[in-house]
Amino acid sequence: MQSIQAAHSDVREGKRQRHRLYMARLLILNMAIESAELALFAIAGTIPVSIAVLFLAVGFAVSSGFYLVFRLGLNLRFKQKNLLIPQLLVFGGIQIVFMFLAPKLSILFLLVLVVLSGYAAIEFNPRQYTIGWLVYGAATALAMILLGDRFDYPGHADMEVGLVWLFFFMTLRSLTLANASFSRLREKLLEKNRQLEQSLHRIEDMANRDYLTGVHNRRHFMSLLEMELQRSARSGRAFCLVMLDLDWFKAINDRFGHPVGDVVLQRLCLLAGDNLRAVDQVGRIGGEEFAILLPDASLDSGYTTIDRLRAAVHAYDWQQVADGLQVSFSAGVAAYGAGDSVHMMIKRADDALYEAKHAGRNRVQQAGAMQEAQGRPDPEQLEQLEPGRVNQAS
Ligand SMILES: Nc1nc2c(ncn2[C@@H]2O[C@H](COP(=O)(O)OP(=O)(O)OP(=O)(O)O)[C@@H](O)[C@H]2O)c(=O)[nH]1
């Protein structure tokens, strides 16, 4: 288990390192672009060519130095593996040093510092960002004081104005790096959200299902029943509640063993799945006791459906499970009536089940109308129950 987790975290770390390398390559590109822009300013005569060449040399050396560090995995020795703080210090420092070397471009170097702080805004926590902001703020203040009236603007010649725009435009472009980081974070967050939602669904499902048979457990079935009842109370739509109990299950357990009993419970639920509609809901509410919700079903159609299931269970080849095994169930069906409550419906379906058991088992019994279900009748009264109907198994 531990080695699987370790493998997962290795894969994750490998992905992160590939992303850091990608970012380092983009950084080399950014430095190359800034160098090219400085070269254009040199051509326009705003700064000496030597300054543009120096910027290219320093920018290339530093950005490829970082790339090498990532490539060799040296960054993995540090706590903050993306080395953002040293990168911001070094690249920010370069901009400030070049404010002195090319004071006419000061304003543009300040612009690059704004972009660099964009990375800090994405990766740092508020405390770290505040520190970074104050460091950049203090360093630029010092640079501006020291520069005095040498602090300048590139110039107003057409080419210079065009180059200022180009510099601004390309500097904004370099935010694509920050944008890539941000998108990655957002993707990761969305993915984690998706995983969390899936886990939540799985956990909810597990909490709602019976561990042995996979059908709804008692608690969840009761809430489904309550919801169905409220829906029918609003719309007047018909539905049936069925209480179902396996016959002589104790004897099955005693004769064939508990594991066979478990398989019988599972097969019964599979047969219910095969013989009921997708909208019908099965719940295990006790050991060998089940309840079934049949939406949009009248008492007669509910009865027919459950009797068909009864016949299917009775006809099933239980010899596959254990030699000599025969399984049947008895069930009571109650239909929703206006003013019904969950408790009243359960009581009526339960009473009908009780009648089916006493009438010989392997039967389905319709419950009487709701007004008549005042308690469990004694066996002598069963014959006279109105309008109940008992199906005699063949
Ligand atoms: N194998 C198995 N047996 C269970 C489980 N839960 C309850 N039982 C058994 O189900 C049996 C229920 O027996 P009874 O309540 O006497 O009912 P019955 O033997 O089915 O008799 P009738 O309902 O009157 O037909 C008991 O022996 C319980 O031990 C389970 O999860 N697995």
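Helix α2 is followed by Gly73, whose phi is positive, near 75°. Helices (H or I, at least four residues) and strands (E, at least two) are DSSP runs numbered from the N terminus. The model is a predicted one, in which local features need pLDDT of at least 70 and side-chain atom pairs count only at pLDDT 80 or more, while totals for chains, interfaces and linings use all residues. Residues are numbered from 1 along each chain as its sequence is written.

Buried positions in α2 are Ala52, Phe55, Gly59, Ser63, Phe66 and Phe70. Here a residue is buried if 20 or more other C-beta atoms, placed from the backbone, lie within 10 Å of its own.

Turning to the whole chain, twelve helices and six strands are present, and 27% of the 394 residues count as buried. Contacts (C-beta atoms, placed from the backbone, within 7 Å) were also examined by separation. Of those with a separation of 6 or more, 68% link residues 24 or more positions apart.

The six strands make an open sheet with mixed pairing, in the order β1-β3-β4-β2-β5-β6. At its edges are β1 (216-217) and β6 (364-366), each of which pairs on one side only. Pairing requires at least two DSSP bridges between two strands. Strands β2 (residues 239-246) and β5 (residues 329-335) run antiparallel and are joined by seven bridges; Met243 has Gly332 of β5 as its bridge partner.

A nonpolar core is taken as a set of buried Ala, Val, Leu, Ile, Met, Phe, Trp, Tyr and Cys residues joined through C-beta atoms within 7 Å. The largest has 41 residues, and those with the most contacts inside it include Cys240, Leu241, Val242 and Ala331. At least two residues of this core come from each of α8 (218-235), β2, α10 (258-275), β4 (289-295), α11 (299-315), β5 and α12 (342-358). Strand β2 gives the most, with seven residues. Another core, of 21 residues, lies apart from this one and has Ile47, Leu88, Val112 and Tyr119 among its members. Leaving out residues up to four places away in sequence, Ala331 touches Val242, Met243, Leu244, Ile306, Arg310, Leu353, Ala356 and Val364.

Finally, the unreviewed UniProt entry annotates residues 179-209 as "coiled-coil region". In the model this stretch is 97% helix and 0% strand, with its end C-alpha atoms 44 Å apart.

Definitions and conventions. Buried ≥ 20, exposed ≤ 12 C-beta atoms within 10 Å, placed from the backbone. Contact = placed C-beta atoms within 7 Å. UniProt positions renumbered as here; feature names shortened; annotations may be inferred.
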